[in-house]
Amino acid sequence: MMKMWGNSGLTLIEFIIVISIIGMILAVVSPNIKPPIEEAVLEAEAQRIAQEIRLTQQLAITRGMDYCFEIHVNEKYYRIRPRTPMPIEGVYKKEYLNERINVIECNFSSPYSGEYSALKVLTYAPTGIPSQTGTIELYVNSGKKKTIRVAVGTGRVKIE
């Protein structure tokens, strides 16, 4: 005849120990998850800005007028608009960047003063040639960055 052993279920103490071990493992692993998310956001935002600069160039060519790509480095948004004397007229598109982007540096010049001086402008002529060349650098909290470069003469956009 077989002898029956005691109940083989888990006690509350064993359950708490197992949950504690799982919690410690997750605490060690979770900091390693954040940087890949930031890198993915950084890449996505750089791709989006590069595409929007290309759209600005295409709009200038197809519509036969100057179009501006403007990026506000403090408020972290960009917009596309036809070139007009006032920076708020005729906005074609305006988008805010992901909140994980914490710093934007841009060496495009700003034709504005006062509250609009942080608005950096790249203008494309109807020929598709940019008014200037330069870079936009996006940074995340971990210090990683992506650079969007507008080439001399052609206005081609490259991400580095």
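Helices here are DSSP runs of H or I with at least four residues, strands are runs of E with at least two, and both are numbered from the N terminus. Keep that in mind for the labels below. The model is predicted.

**Whole chain**

Start with the protein chain in cartoon view. It holds two helices and eight strands. Follow the sequence and the pattern reads α-α-β-β-β-β-β-β-β-β. Colour by burial next: of the 160 residues, 34% are buried.

**Stop 1: helix H1**

Select residues 12-29, which form helix H1. Leu12 belongs to this helix. Is Leu12 buried or exposed? Leu12 counts as exposed, because its relative accessibility is 62% and the cut-off for exposed is over 50%.

As a general point, nonpolar side chains in soluble globular proteins tend to be buried together.

**Stop 2: the sheet S3-S2-S1-S5**

Four of them form an open sheet in the order S3-S2-S1-S5, paired antiparallel. Its edges are strand S3 (93-96) and S5, each of which pairs on one side only. On average, neighbouring strands of this sheet are turned by 15° against each other, direction ignored.

Zoom in on S1 and S5. Six bridges link this antiparallel pair. Pick Phe69 and look across: Leu122 in S5 stands opposite.

Then move to the loop between S1 and S2, where Lys76 is found. Lys76 is not a glycine, yet it has a positive phi of about 60°. Its relative accessible area is 24%, so Lys76 is partly exposed.

**Stop 3: the sheet S4-S6-S7-S8**

Select the other strands named in this heading. They form an open sheet of four strands, ordered S4-S6-S7-S8 and paired antiparallel. Strand S4 (101-106) and strand S8 (157-159) stand at the edges; each has a single partner strand, so one side of each lacks a neighbour in the sheet. The twist from one strand to the next averages 15°. In general, strands of a sheet pair through backbone hydrogen bonds, either parallel or antiparallel.

Focus on strand S6, residues 134-140. Seven of its seven residues are buried. Which residues point which way? Gly134, Ile136, Leu138 and Val140 point one way from S6, while Thr135, Glu137 and Tyr139 point the other way.

Check the partners of S6 on each side:

- S4 runs antiparallel to S6, joined by five bridges. Pick Val103: its bridge partner in S6 is Tyr139.
- Strand S7 (residues 145-150) pairs antiparallel with S6 over six bridges. Pick Leu138, which stands opposite Lys146 in S7. Then pick Glu137, whose bridge partner in S7 is Thr147.

Stay with S6 and S7 and go to the turn of their hairpin. Four residues lie between the strands, and Gly143 takes a positive phi near 95° there.

**Stop 4**

Step back to the loop between S5 and S6 and select Gly128. Gly128 counts as buried because its relative accessibility is 4%, and the cut-off for buried is under 20%. Gly128 and Gly153 are 25 residues apart along the chain, and their C-alpha atoms are separated by 9.2 Å.

**Stop 4: the nonpolar core**

Finish inside. How many residues are in the largest nonpolar core? The count is 28. Show side chains for Ile49, Ile53, Phe69, Ile136, Leu138 and Ile148, the residues with the most contacts inside this core. Now colour by element of secondary structure. Helix H2 (34-63), strand S1 (67-72), strand S2 (77-82), S4, strand S5 (119-124), S6 and S7 each supply at least two core residues. H2 gives the largest share, eight residues.

Phe69 is the residue opposite Leu122 in S5, and Leu138 is the one opposite Lys146 in S7.

Notes
Residues numbered from 1 in each chain as written. Predicted model: local features only at pLDDT ≥ 70, side-chain atom pairs only at ≥ 80, totals over all residues. Heavy atoms only, no water. Buried < 20%, exposed > 50% of the residue type's maximum accessible area, 1.4 Å probe, protein only. Pairing = 2+ DSSP bridges. Axes fitted to C-alpha atoms, helices over the stretch in contact; angles between N-to-C directions. Core = buried A, V, L, I, M, F, W, Y, C linked by side-chain atoms within 4.5 Å.
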